[in-house]
Amino acid sequence: MKSASRTLVKSPPELWELIDQPERMHGLMCGLLGRATEVTVDQREPESLLRWEAADHGADAWIEVRLAEKGWGTNVKLKAENGAEPTKLEGWLDAVLEELATPQKRPFEGMGDPPPPEPPVPETPKPQSPAPVTPEPETDEPEVPGHVKQGKFRRLLGL
């Protein structure tokens with residue numbers, strides 16, 4: 001029997017969700033044995049202990065995972081036995097712990113990327129207004145029939 005332990009920055013429910021999956025248990029057992037096999041769970045204490053073994057008759061292979069809260073994370077203790085076909089469990093155990101430590105959900109993924117360009121907005125032609133008309137400045141002079149009015153400004157300049 002070999003064991004490895006590591007504290008991961010994940011909560012026990014997060015890790016339990018990753019471990020307590022028949023596909024993952026099957027995959028880990030196949031990786032341990034080096035061949036395909038079915039598994040049966042023989043111990044299960046939610047968010048604390050999960051132990052499963054190879055369903056092959058005569059195979060003395062099992063995997064046990066213990067979870068315990070520790071500080072800001074969870075201490076994961078992994079034990080495995082492959083009695084029939086001894087393998088190098090040290091590297092395999094570390095690889096399993098590394099897989100469990102890898103973030104599954106990436107909440108900040110894509111935040112460093114620039115936002116996608118916005119589609120161009122078609123320009124609508126602006127309605128054209130008629131040319132502005134400049135009103136003639138008012139004068140204090142009385143209107144004289146037949147006489148052209150001059151503005152104050154023109155009189156000031158002598159025009």
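# Notebook: salt bridges and buried residues

I began with Arg 51, which forms a salt bridge with Glu 64, the closest N and O atoms being 3.7 Å apart. I noted that this pair links distant parts of the chain, with Arg 51 in strand β3 and Glu 64 in strand β4, 13 residues apart. For the term, I use a side-chain nitrogen of Lys or Arg within 4 Å of a carboxyl oxygen of Asp or Glu. Strands (E, at least two residues) and helices (H or I, at least four) are DSSP runs, numbered from the N terminus.

I wrote down how the entries were made. The model is predicted, so local features need pLDDT of at least 70 and side-chain atom pairs count only at pLDDT 80 or more, while totals for chains, interfaces and linings use all residues. Residues are numbered from 1 along each chain as its sequence is written, and side-chain values use heavy atoms, with hydrogens and water left out.

**Confidence.** pLDDT is the predictor's confidence in each residue, from 0 to 100. I found a chain average of 77, with 65% of the residues scoring at least 70. Helix α4 (residues 152-157) has the lowest mean, 64, and strand β2 (residues 39-45) the highest, 92.

**Overall.** I counted four helices and five strands, in the order β-α-α-β-β-β-β-α-α from the N terminus. Of the 159 residues, 28% are buried. Here buried means under 20% relative accessible area, exposed over 50%, and partly exposed in between (1.4 Å probe, protein chains only).

**More on the charges.** The structure holds eight salt bridges. Which residue besides Glu 64 pairs with Arg 51? I found Asp 42, with the closest N and O atoms 2.5 Å apart. Arg 51 counts as buried because its relative accessibility is 15%, whereas Asp 42, at 37%, counts as partly exposed. Glu 64 is buried at 8%. Glu 64 also meets the side chain of Lys 79 in a salt bridge (4.0 Å, N to O). Lys 79 lies in strand β5 and Glu 64 in strand β4, so this pair ties together parts that are 15 residues apart in sequence. I then listed the network of salt bridges: Asp 42, Arg 51, Glu 53, Glu 64, Arg 66 and Lys 79.

**Lys 10.** I looked next at the loop between β1 (2-8) and α1, where Lys 10 sits.

**Thr 74.** The backbone oxygen of Lys 10 lies 2.6 Å from a polar atom of the side chain of Thr 74. Thr 74 is in strand β5 (residues 73-82) and is buried, with a relative accessible area of 0%.

**Ile 19.** Is Ile 19 buried or exposed? Ile 19 counts as buried because its relative accessibility is 4%. Beyond four places in sequence, the residues it touches (heavy atoms within 4.5 Å) include Leu 50, Trp 52 and Leu 100.

Notes. Polar contact = N/O pair within 3.5 Å; in protein donor to acceptor, adjacent residues only side chain to side chain.
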